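Thanks for coming. Please have a look at the structure on the screen before I go through it.

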Amino acid sequence: MPFRNPQGYARRFNNHHLQGHEHKDLAFGDAIMAPSVERDTFTCGHCQCIVHVHPNDRPDDVGGYCKICTSLICPSCVTLAMKFGCSPFLKKLEAIEHRERMLLSYLGG
Amino acid sequence: MSDRYAATGVETAVSASLQSCLQVTGATTFRGKMYDFTVSQSGTPEDSSVQWVLARFTVAPTDTAVPEVPLDSAAPASAADAGEDGGTTGTITATTEMFDQDINERAAYRWVAAPDGEIWMPASTNGILLQVASGAYTGSANATMHWEE
């Protein structure tokens with residue numbers, strides 16, 4: 001199961017519980033009056049967005065697993081990968097760098 | 001072996017428009033990896049929502065330079081450039097938002113990447129930044145980034 005080992009973690013330090021308000025925090029999936037909360041996160045292998053993983057989340061709700069680049073991906077990239085295939089972020093990084101090198105060569109920099 | 005650096009930034013007057021609080025601009029000589037950031041608000045505590053966005057830029061905001069502090073005091077000076085309080089300037093790529101989260105003004109938020117989960121900075125003069133906005137809160141906001149290069 002790919003989501004058993006998400007990568008990083010996020011922590012929200014909160015003193016809001018002193019106020020007695022009840023609101024839902026969508027990223028953390030709990031009432032924001034709760035004290036400090038910690039969640040696992042993973043970084044999408046295709047776009048690098050940070051995804052929070054709630055306890056007992058179904059893998060389908062959190063994103064997906066790209067078997068081509070063997071990385072966890074966010075829900076948006078799952079849709080894109082189904083249409084256009086695997087697009088790992090390091091490929092995009094190379095494209096950004098290539099573009100800058102081309103621009104510098106045109107400008108004589 | 002790569003070295004690790006930290007930079008802190010302040011946005012002195014949060015507004016309804018997204019403003020750059022802290023940005024790190026890369027260089028063509030290295031690929032940086034941001035592995036940790038923390039955001040918080042330092043104004044009078046109140047119940048309002050503050051939006052934080054982590055995005056990429058192709059043209060750095062006009063900012064106030066802040067020092068890139070090596071975590072190992074023996075490390076060489078950073079090749080990256082850090083800056084704070086860049087306002088709404090610069091060219092920010094909206095479709096490259098990697099984090100978009102509203103937090104209560106009383107709360108602080110920290111994200112830590114595990115190995116291989118870091119946010120990459122290309123070997124170019126592009127970079128990454130933390131932007132902040134709020135419809136109600138107008139005090140100052142603080143951010144810290146740690147990266148490796």
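First, the conventions. This is a predicted model, in which local features need pLDDT of at least 70 and side-chain atom pairs count only at pLDDT 80 or more, while totals for chains, interfaces and linings use all residues. Residues are numbered from 1 along each chain as its sequence is written, chains are lettered from A and ligands numbered from 1 in the order in which they are written, and side-chain values use heavy atoms, with hydrogens and water left out.

Now the interface. In chain A, 31 residues are in contact with 31 residues of chain B, where contact means heavy atoms within 4.5 Å. The size of an interface is often given as the accessible area lost when the parts come together. Here the area buried between chain A and chain B is about 2500 Å², and carbon and sulfur atoms give 54% of that. Buried area is the accessible area, with a 1.4 Å probe, that two parts lose on being put together, summed over both. Of the area that chain A buries against chain B, A:Gln48, A:Ile50 and A:Glu100 supply 22%, more than any other three residues.

There are 12 residue pairs in polar contact between chain A and chain B, both at pLDDT 80 or more. A polar contact is a pair of N or O atoms within 3.5 Å; within protein, one must be able to donate a hydrogen and the other to accept it, and residues adjacent in sequence count only if both atoms are side-chain atoms. On the side of chain A that touches chain B, β1 (8–13), β4 (37–43), β5 (50–53) and α3 each supply at least two residues. Helix α3 of chain A gives the most to that side, with eight residues. Helices (H or I, at least four residues) and strands (E, at least two) are DSSP runs, numbered from the N terminus.

Next, salt bridges, meaning a side-chain nitrogen of Lys or Arg within 4 Å of a carboxyl oxygen of Asp or Glu. How many salt bridges are there over all chains? The whole structure has seven. Between chain A and chain B the count is one. B:Arg31 and A:Glu97 meet in a salt bridge, 2.7 Å from N to O. B:Arg31 lies in the loop between β2 (19–25) and β3 of chain B and A:Glu97 in helix α3 of chain A, so this pair joins two chains. A:Glu97 is buried, at 6% relative accessible area, whereas B:Arg31 is partly exposed at 29%. Buried means under 20% relative accessible area, exposed over 50%, and partly exposed in between, with a 1.4 Å probe and protein chains only.

Within chain A, the side chains of A:Glu38 and A:Arg11 form a salt bridge at 2.3 Å, N to O. A:Glu38 is in strand β4 and A:Arg11 in strand β1, so the pair ties together parts 27 residues apart in sequence. In chain B, a network of salt bridges links B:Arg4, B:Lys33 and B:Glu148.

The side chain of B:Asp36 makes a polar contact with the side chain of B:Arg110, at 2.6 Å.

Last, the patch. A:Leu107 is in helix α3 (residues 89–107) of chain A and is exposed, at 71% relative accessible area.
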